[in-house]
Amino acid sequence: MKKHKRILNALHTAIVFLIPSVVAHSNASSNMERRPAVVSPAPCTNSTTGSPDCDGTWGDGDCWTNGSPGSTIGSTEVVCINHDIVYNLSDDLVVDGEVNINNASLTTPIGSNRSIFIADNSIWTMCNSELILPIFDGNSNLSGNFINQGGDIVIFKSNVQIAQNWEDTGGGGVREMTESCLRLGENFINKDAADFYDGVCIELGLHGSGNFENEGTINIINGSSILFRGTSGNLVNVNSVTGGPSGIEALDVQDNVTNDGSWDVGIVEHCIGSSVSGNTSDFTEDLENPENCPAVDNLDCQGDCVGGSCTLSASCMQLDTVCSGDPMGGEIQVIATGATTACNGASGVTYTLTCLGCPGASCQIPNPIIIGPTNDASIVFEDLPPCDYSILIEDASGCTDTCSITVVEFDTPVVSCPVDITVDIGATAFTLTGGSPSGGTYSGPGVTAGQFDPLMAGQGVHVITYIYTDNNGCSGSCSFTVTVTSCVEPPDITCPTLNPVACSVALNLTTADYPNLVSSNGQSGACNFTKIAVASNVDVSQVSCDGTGNVVVTYTVTDNQGGSYPNLVCNQPVNAAPTPPFPQCPNYPAIECEEAFEALLSDYPDIVSSNGLTGTCNVTITATAVDIEIVGMVCDGSRAVIVTYTVTDNCGGTYQDLICTQLVNGPPLPSPLTCRNLQPIDCDVAQGRTATDYPFLISSNGFEGQCGLQYLGTPVSVDLSQIGCAGMVLITYAVTDNCGGTYQDLICTQPVNMSEVPTPPICPLFDTVACNLVQGLILSDYPDIISNNSATGACNIIITAVASDIDISGAVCDGTGVVVITYAVSDNCGGTYADLVCTQRVKGSECQDDLVLTLADSPLNGLYEARQTITINGNVFILDATDVILNAPEVLINELDVELGAELDVLQGGCD
């Protein structure tokens with residue numbers, strides 16, 4: 001069933017067939033109750049042409065009880081078709097009388113091209129059936145029409161296929177279809193018929209073209225569909241089309257719509273190929289949704305409705321008997337076979353119980369029970385009065401059948417018993433009598449085949465039941481007593497006081513360990529009545545090691561007259577079994593550290609202590625390892641495995657945990673930390689060093705996990721003070737281990753490439769000192785003489801000469817005297833050098849004339865003071881009181897080289 005179609009709703013309005021040709025119509029909406037199935041008209045049972053169940057051809061005599069009908073059904077003929085049949089005659093079928101097709105099919109052979117004509121005042125009905133005038137022969141179109149000339153056509157839940165036209169020629173008849181499919185090769189034509197379509201799918205133009213023409217009246221309800229399936233086709237209405245708000249689920253017109261009449265039926269989905277003309281507003285106002293061609297172009301009627309034979313049948317059990325006093329009703333077996341499925345896919349079988357002959361009774365019938373689709377049923381009805389009942393079964397397609405059952409209530413017979421009886425236990429067995437009506441059965445203690453045996457019944461009051469069952473199966477019963485007496489009864493036997501027994505002894509006790517118990521009435525002869533209790537079973541399963549169990553001794557009790565009594569059950573206390581010593585910790589050998597961390601509970605077997613007894617008296621205290629914990633420090637070798645044992649015994653006792661210790665050998669210590677060999681670095685690089693420039697130092701013992709021990713050297717400070725002088729960086733490492741231990745710091749060095757050494761200091765050229773000033777000279781008159789390498793920071797090496805002594809012993813006043821100054825030489829790294837000895841010339845006491853010397857003269861060596869000028873090669877140079885040392889053959893004056901042969905004017909003076 002396609003999702004867009006609602007043409008086969010399970011709820012429809014009723015169709016009632018009335019004879020001769022009156023059809024009642026209903027425009028009720030789709031939420032009405034489901035209409036009943038079509039019922040075949042009564043005349044079929046008296047027709048001149050009846051039909052048995054038979055599949056065959058129209059002319060097959062086996063399918064007709066009164067000969068085979070011809071191509072015309074006479075006005076007095078009623079033909080009922082309830083099987084599949086092929087119309088194989090050479091003429092068209094003309095119906096002047098009545099044709100009813102119920103759960104069957106009527107087909108014309110492919111290529112026979114036959115039409116069917118429904119004459120005025122004739123009747124054509126179909127229920128759950130098919131009418132096939134084939135549309136195609138392979139890919140070619142076939143011919144054949146279904147033409148109404150004024151008759152009444154009623155089709156319910158059926159499939160109708162017409163090769164050409166579904167046509168009304170103007171006879172004023174009726175065409176009614178409900179929950180059915182109508183597929184046409186060409187046209188839908190209504191001249192003046194009263195058409196009614198309830199949930200019907202109409203498909204036309206399958207030959208390539210086809211029109212929908214209405215000049216009569218059409219009522220369309222419950223989501224019917226009109227689908228144009230040719231390459232061309234128009235819808236023309238010149239009279240009246242009515243229906244519910246959603247009477248048309250889908251309208252698919254190939255070309256044009258012309259509405260020159262009245263249109264009052266809602267359209268849910270539609271597609272119109274071309275134009276709408278005429279009374280357009282009357283038509284378009286019923287279009288519920290915008291045009292939706294993709295939704296309707298692919299719709300078709302195939303598969304929506306396929307007629308078929310009604311094969312439903314039922315059979316019931318014939319009789320259900322109830323006895324007076326029993327609950328009324330019971331389980332009624334109904335066999336339902338051949339149920340079919342409705343066109344809309346619903347299934348199921350409805351069982352309806354109806355009273356038939358039940359005069360004077362008011363039957364309260366339970367609601368129908370739905371079972372399906374083909375199940376046999378076992379239906380339970382309660383509170384049914386005696387009555388004749390009919391059970392109607394109906395399947396989802398409307399097929400029905402009935403069967404009947406009679407519920408009868410019989411009276412329960414009145415039964416009476418004999419008076420109560422008293423008999424001595426020694427009496428012989430006798431036949432029980434006196435029950436009425438006779439013929440019943442006796443039952444109770446001591447009764448066998450209707451006889452009562454006092455000895456077998458035993459002493460006491462015994463209830464005997466008499467049951468009588470009549471021919472209807474109803475039973476009644478009553479009861480009476482038989483009292484069996486005897487001599488004086490001895491006292492009941494009671495359990496003796498049994499002394500407690502040791503647990504190990506209790507397990508070996510047998511019935512032989514317990515003597516018989518006897519109770520007698522003390523009389524002799526036939527009146528001697530003795531009860532004897534013999535130990536028949538000793539049960540030691542309750543013996544417990546904790547002293548709470550007993551030995552259970554069962555005595556079988558009888559008497560000397562064959563009587564039996566309930567068993568006597570006695571208990572003997574059992575002493576608790578001795579408790580074994582508490583388990584002790586074993587002497588565990590020390591375990592290596594790495595093995596300790598891999599230890600499992602299974603490495604520590606149970607510790608068991610037993611009392612040495614066997615069976616349930618064996619008390620065993622068992623300590624089971626449940627936890628392993630390692631404590632202590634790995635570094636100092638104090639670790640131990642702590643094993644916790646849960647202690648229980650086999651008697652359900654619990655004890656405090658047992659804690660055992662296994663020593664753990666300490667792991668080997670790692671090698672001490674040593675400094676790394678650090679490559680020399682330049683002095684200027686060394687000055688920027690910090691602790692982060694130096695890696696950690698690690699020494700490990702090589703183990704993993706918690707047994708791994710490491711020494712860690714962490715650089716914490718860098719000393720740069722020794723860079724320039726000692727040529728090294730000092731790195732201080734803080735030494736720890738992974739167990740929280742601390743050690744003395746480790747001092748490491750990194751070589752530093754030395755800075756360039758400066759030139760040692762030289763004596764300066766001191767100004768000559770006046771002779772009279774020499775005696776006042778002090779060390780502070782002679783500044784330090786400094787020489788450095790011009791580097792920065794700690795890399796700057798400075799050699800400093802500091803005046804440490806003044807010697808004036810040679811300071812004569814003749815112009816040749818000198819002051820001797822001694823300098824102590826050192827550097828900023830604590831280095832020491834040879835003293836530096838410098839001289840300062842002392843002026844003479846008198847001044848001399850200017851002296852012009854030439855180099856041609858004998859070389860002069862000495863110290864002179866230039867006062868005026870020096871003329872060299874005609875050039876005059878003004879000197880600035882600079883001391884000049886003349887040394888032949890080359891003279892250096894103010895850094896000027898004087899070549900040999902030059903003239904030198906010297907202003908010379910001094911003190912004698």
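1. Basis of the note. This is a predicted model, in which local features need pLDDT of at least 70 and side-chain atom pairs count only at pLDDT 80 or more, while totals for chains, interfaces and linings use all residues. Residues are numbered from 1 along each chain as its sequence is written, and side-chain values use heavy atoms, with hydrogens and water left out.

2. Confidence. The chain has a mean pLDDT (the predictor's confidence in each residue, from 0 to 100) of 80, and 79% of its residues reach 70 or more. Over residues 1-48 pLDDT stays under 50, although the model has 133 contacts (heavy atoms within 4.5 Å) beyond four places in sequence for this stretch. Residues 846-873 likewise stay under 50, and for them the model has 88 contacts beyond four places in sequence. Where pLDDT is low, the predicted coordinates should not be read in detail, and I would ask that the contacts of residues 1-48 and of residues 846-873 be treated with that caution.

3. The disulfide of Cys585 and Cys660. The structure holds 13 disulfides (pairs of cysteine sulfur atoms within 2.5 Å). One of them is formed by Cys585 and Cys660, with sulfur atoms 1.9 Å apart. The torsion about their S-S bond is about -85°, so this disulfide is left-handed. Cys585 lies in the loop between β52 (568-573) and α5 (593-596), and Cys660 in strand β56 (residues 658-663), so the pair ties together parts that are 75 residues apart in sequence; helices (H or I, at least four residues) and strands (E, at least two) are DSSP runs, numbered from the N terminus. With buried meaning under 20% relative accessible area, exposed over 50% and partly exposed in between (1.4 Å probe, protein chains only), Cys585 counts as partly exposed at 34%, whereas Cys660 is buried at 1%.

4. The disulfide of Cys675 and Cys748. Here the sulfur atoms are 1.8 Å apart, and the torsion about the S-S bond is about -85°, so this link is left-handed. Cys675 sits in the loop between β56 and α6 (683-686) and Cys748 in strand β60 (residues 742-751), so the pair ties together parts that are 73 residues apart in sequence. Cys675 is partly exposed, at 32% relative accessibility, while Cys748 is buried, at 3%.

5. The disulfide of Cys683 and Cys795. This pair is joined with an S to S distance of 1.7 Å, and with -100° about the S-S bond the link is left-handed. Cys683 is in helix α6 and Cys795 in the loop between β61 (785-788) and β62 (798-807), so that distant parts of the chain, 112 residues apart, are linked. Both Cys683 and Cys795 are buried.

6. Backbone geometry. Most residues other than glycine have a negative phi, and most peptide bonds are trans. The peptide bond from Ser436 to Pro437, however, is cis, with omega near -10°, and Pro437 lies in the loop between β43 (430-431) and β44 (441-443). Asn113, in the loop between β9 (105-107) and β10 (116-118), has a positive phi near 50° and counts as partly exposed at 34% relative accessibility. Ala449 has a positive phi of about 55°; this residue lies in the loop between β45 (447-448) and β46 (451-452) and counts as exposed, at 84% relative accessibility.
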